[in-house]
Amino acid sequence: MGVFVIAFCAFSQFGGKETKKDSYIKYVEFNVTRSALQAAVDLDIANRFEDSRVDFVTLLACLGAKYGGDFSRYKYSDMTELAEQFKSGRSEQEITKDMQYYPYYKQAYSAVLGSMVGAYQEGGEGADPETKYGVRWFSPIAKGFPYSAYDDFGAVRTYGYTRPHLGHDMMAAVGTPVIAVESGIVECLGWNKYGGWRVGIRSRDKKRYWYYAHLRQNRPFAEELSEGDEVTAGDVIGYVGRTGYSDNENVNGITESHLHIGLELVFDESQKESDNEIWVDITALTQVLESHQSEVCRNNETKEYYKKVEFCEIN
Ligand SMILES: [Zn+2]
């Protein structure tokens, strides 16, 4: 709790007098559970035609403020009661006016969840694209490929130096297509002695850095993918493997093939590669995305996989 309070004090909008360089969030724990996230997303989508928007991030931020970020206290009735208030036309300002830490949670959860829900167009194979509203992010594992996952965020890793495991592992066979969760720009692509072949993609709003690691030996990335490229949510970006834990490139140093996926929040560029990086637990998020997987097809000549259905967000 101590860390949280310090971080909050550094958040200028509400402190008033802090200098600009300190006016960004320094610390976030994302403890929203799968059921809370799913309920918020479902309520947002179900009420999309109503006059008063029921925004999923706003719902979660209200409950974050109510629970002090501890979603083990979550009750579905809290969520539905809150949604009713928004549906009745009460404003966000009015509903949240006594929630001291609401502004912090709104900014923190907005950074984590960004544009996960909204309008998009989907269509393919000659069909006219259809405009829809719903989940716009995809599971990191392509549709139809088996995988299993467990929550070991924060568990200790000892290769190189002792450190917490700041990501989520999805166990899958070598060659399983890896999907871009969110649209963005390829910020780094290549070898890292811990992550092996890895690709880092920055969201368009620059707040999220998605890190996909331990990709396949020899052919880790989608064909011709390189730094600076734009990728769209649902695109194949690479293949599951077991590279890493080696100073030498292209070495299979991991025993069990899996995708390591991490999400770093960037409120200020100085945080990106620093001692104060903010990595959040995306276990619940990947669980909710299980029901939104990208369908792929294989080019038998190149043996590469491609996204089957065209997709683009509408802002
Ligand atoms: Zn991992």
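The C-alpha centres of domain 1 and domain 2 lie 29 Å apart. The assignment gives domain 1 as residues 2–113 and domain 2 as 147–156 + 170–275 + 295–309; such bounds come from an automatic or database domain assignment. The model is predicted: local features need pLDDT of at least 70, side-chain atom pairs count only at pLDDT 80 or more, and totals for chains, interfaces and linings use all residues. Residues are numbered from 1 along each chain as its sequence is written.

Where the domains meet, five residues of domain 1 are in contact with four residues of domain 2. Two residues are in contact if their C-beta atoms, placed from the backbone, lie within 7 Å. The side of domain 1 that touches domain 2 has five nonpolar, no polar and no charged residues. In this classification Ala, Val, Leu, Ile, Met, Phe, Trp, Tyr, Cys and Pro are nonpolar, Asp, Glu, Lys and Arg are charged, and the others, Gly among them, are polar.

Next comes the protein as a whole. A compact globule of 315 residues would have a radius of gyration near 20 Å, and the protein has 20 Å, which agrees. This radius is taken over C-alpha atoms, and the globule rule is 2.2 Å times the number of residues to the power 0.38. Along the principal axes, the C-alpha atoms fill a box of roughly 60 × 50 × 35 Å. Of the contacts with a separation of 6 or more, 66% are between residues 24 or more positions apart. The secondary structure comes to eight helices and 17 strands. Helices (H or I, at least four residues) and strands (E, at least two) are DSSP runs, numbered from the N terminus.

How much of the protein is buried? Buried residues make up 38% of the 315 residues. A residue is buried if 20 or more other C-beta atoms lie within 10 Å of its own, exposed if 12 or fewer, and partly exposed in between, with C-beta atoms placed from the backbone. A nonpolar core is a set of buried Ala, Val, Leu, Ile, Met, Phe, Trp, Tyr and Cys residues joined through C-beta atoms within 7 Å. The largest such core has 77 residues, of which Ala-40, Leu-59, Leu-60, Met-79, Ile-179, Tyr-212 and Ile-237 touch the most other members. Its largest share, eight residues, comes from α7. The core draws at least three residues from each of domain 1 and domain 2. One of its members, Tyr-212, is in contact with Pro-140, Val-178, Arg-198, Val-199, Ile-237, Gly-238, Leu-259 and Ile-261, leaving aside neighbours within four places in sequence.

Helix α7 covers residues 102–113, and at 1.5 Å a residue its 12 residues should span 16 Å; the end C-alpha atoms are 16 Å apart, which agrees. The expected span is 1.5 Å times one less than the number of residues. Nine of the 12 residues are buried, so α7 is largely enclosed by the rest of the structure. Among these buried residues are Tyr-102, Lys-106 and Leu-113. After α7 comes Gly-114, with a positive phi near 40°.

Helix α3 covers residues 34–46. Its 13 residues should span 18 Å, and its end C-alpha atoms are 18 Å apart, which agrees. The buried residues of α3 are Ala-36, Leu-37, Ala-39, Ala-40, Val-41, Leu-43 and Asp-44. They pack against α4 (56–67), α5 (76–87), β1 (117–123), β2 (130–135) and α8 (283–288). Phe-49 lies in the loop between α3 and α4, and it counts as exposed because it has 6 C-beta neighbours inside 10 Å.

Some loop residues deserve a separate look. Most residues other than glycine have a negative phi. Glu-224 is not a glycine, yet its phi is positive, about 65°. It sits in the loop between β10 (208–213) and β11 (230–231) and is exposed, with 7 other C-beta atoms within 10 Å. Tyr-245, also not a glycine, has a positive phi of about 55°. Its place is in the loop between β12 and β13, and with 18 other C-beta atoms within 10 Å it is partly exposed.

Ser-246 is found in the loop between β12 (236–239) and β13 (258–265). Is Ser-246 partly exposed or buried? With 16 other C-beta atoms within 10 Å, Ser-246 is partly exposed. Beyond neighbours within four places in sequence, Ser-246 is in contact with Lys-193, Val-251 and Gly-253.
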